Amino acid sequence: ENKESSSSRGALIVLEGLDRCGKTSQSGRLYKYLEEQGHSVESWRFPDRNTGVGQMISSYLANQSQLDDHAIHLLFSANRWEKRVSLVHWIDLFVSELYLSIPVSLMEEKLKSGTTLIVDRYSYSGVAFSYAKGLDIGWCKAPEIGLLAPDLVVYLDISPEKAAERGGYGDERYEQLEFQKKVAGSYLALRDSSWKVIDATLSIEDIEKKLREVVLDCMKACHKGKPLSQLWP
Ligand code: DGP
Ligand code: NA
Ligand code: NA
């Protein structure tokens with residue numbers, strides 16, 4: 001009897017790429033398209049700067065605070081964990097004033113109820129940026145273990161030089177050509193054959209079209225019952 005609902009889950013779609021690769025505007029366009037097509041869809045981004053942890057990350061990125069490389073790495077990861085799991089509070093238990101928090105898997109519930117999530121950056125950014133700073137790759141991957149694995153990773157491919165020409169560069173900590181070159185190298189080390197790589201120097205419309213194709217394919221597979229899995233598969 002649950003066949004119906006479990007076979008119509010949403011897809012976890014992740015967009016990755018260097019700063020200024022066009023990820024954010026493409027995820028906006030994709031979101032609008034899917035919504036117009038009548039799909040249940042949400043647009044997420046990491047870091048989510050609205051949480052307490054997110055505000056610490058934001059201040060670090062704006063160079064308003066300094067943090068050890070390992071410490072900031074764990075904050076980015078914590079920011080993903082806090083969006084995977086939401087704590088439902090049960091207060092007012094009258095017997096002993098107990099205060100219980102029941103964890104609910106936010107992402108999983110959404111996906112299982114049929115909502116597709118378009119996520120602008122995820123664990124791959126977490127590893128790519130810290131590995132670029134010289135941290136051990138195994139250490140970088142460890143705190144991501146147990147987060148939901150995406151059904152699709154789309155990499156918007158642009159050279160660090162081309163990205164730097166796009167302007168507005170240099171506002172935040174990581175937006176420097178030499179560092180972005182290292183990040184590009186990290187992404188290369190992380191990529192596997194399941195990633196869909198789209199040339200981010202194509203026209204906005206062409207990228208949008210290619211993105212829709214791979215996303216709709218993935219959504220079909222999820223709809224047919226492709227199981228959810230966890231990082232790192
Ligand atoms: P964005 O809001 O997508 O522009 O991301 C802000 C910056 O933070 C960008 O330079 C990419 C970087 N970033 C995103 N996620 C992570 C992460 O998990 N770890 C680290 N170290 N950097 C990240
Ligand atoms: Na940025
Ligand atoms: Na992040």
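Which residues in H3 meet which residues in H4? The points below take up this contact and other features of the structure, which is a predicted model.

1. **Packing of H3 and H4.** On the H3 side, Val 53, Gly 54, Met 56, Ile 57, Tyr 60 and Leu 61 take part, and they meet Asp 69, Ile 72, Leu 75, Phe 76, Ala 78, Asn 79 and Glu 82 in H4. Sorted by class, this contact of H3 with H4 has nine nonpolar, two polar and two charged residues. Helix H3 covers residues 52-61 and helix H4 residues 69-84; they pack at an angle of about 140°, and their axes are 9 Å apart. The crossing of H3 and H4 is left-handed.

2. **Loop between H3 and H4.** Asn 63, placed in the loop between H3 and H4, has a positive phi, near 60°, although the residue is not glycine. Most residues other than glycine have a negative phi. Asn 63 is partly exposed, with a relative accessible area of 42%. Gln 66 is found in the loop between H3 and H4 as well. Gln 66 is exposed, at a relative accessible area of 59%. Between the C-alpha atoms of Gln 66 and Glu 178 there is a separation of 20 Å, and these residues are 112 residues apart along the chain.

3. **Packing of H6 and H9.** The crossing of H6 and H9 is right-handed. From H6, the contact is made by Tyr 124, Ser 125, Val 127, Ala 128, Phe 129, Tyr 131 and Ala 132; from H9, by Phe 179, Gln 180, Lys 182, Val 183, Ser 186, Tyr 187, Ala 189 and Leu 190. By class, the contact of H6 with H9 has eleven nonpolar, three polar and one charged residues.

4. **Sodium site.** Which residues coordinate the sodium ion (ligand 2)? Asp 19 (OD) and Glu 175 (OE) do so, at 2.6 to 2.9 Å. Asp 19 lies in the loop between strand S1 (12-17) and helix H2 (23-36), and Glu 175 in the loop between helix H8 (160-165) and helix H9 (177-190), so the pair ties together parts that are 156 residues apart in sequence. Asp 19 counts as buried, at 16% relative accessibility, and Glu 175 also counts as buried, at 9%. Water is not among the atoms, so sites may look incomplete.

5. **Cys 21.** The loop between S1 and H2 also holds Cys 21. Is Cys 21 buried or exposed? With 3% relative accessibility, Cys 21 counts as buried. Leaving out residues up to four places away in sequence, Cys 21 touches Glu 16, Leu 156, Ile 158, Arg 166 and Ala 200. The C-alpha atoms of Cys 21 and Tyr 155 are separated by 9.3 Å, while the residues are 134 residues apart along the chain.

6. **Gln 26.** Gln 26 lies in helix H2 and counts as buried, at 3% relative accessibility. Beyond its neighbours within four places in sequence, Gln 26 is in contact with Leu 15, Leu 156, Ile 204, Ile 207, Glu 208 and Leu 211. Gln 26 and Asp 120 are 94 residues apart along the chain, and their C-alpha atoms are separated by 9.4 Å.

7. **Arg 121.** Where is Arg 121 placed? Arg 121 is in the loop between strand S5 (116-120) and helix H6 (123-132). Its phi is near 75°, a positive value in a residue other than glycine. Arg 121 is buried, with a relative accessible area of 10%.

8. **Cis peptide bonds.** Most peptide bonds are trans. The bond from Phe 46 to Pro 47 is cis, with omega near -5°; Pro 47 is in the loop between strand S2 (41-45) and H3. Leu 231 and Trp 232 are likewise joined by a cis peptide bond, with omega about -10°. Trp 232 is found in the segment after helix H10 (204-223).

Methods: Residues numbered from 1 in each chain as written. Chains lettered and ligands numbered in written order. Predicted model: local features only at pLDDT ≥ 70, side-chain atom pairs only at ≥ 80, totals over all residues. Heavy atoms only, no water. Donors = N, O, S within 2.8 Å, 3.2 Å for Na, K, Ca; no water. Helix = DSSP H or I, 4+ residues; strand = E, 2+ residues; numbered from the N terminus. Buried < 20%, exposed > 50% of the residue type's maximum accessible area, 1.4 Å probe, protein only. Axes fitted to C-alpha atoms, helices over the stretch in contact; angles between N-to-C directions. Left-handed = near helix turned anticlockwise from the far one by under 90°. Contact = heavy atoms within 4.5 Å. Nonpolar A, V, L, I, M, F, W, Y, C, P; charged D, E, K, R; others polar.
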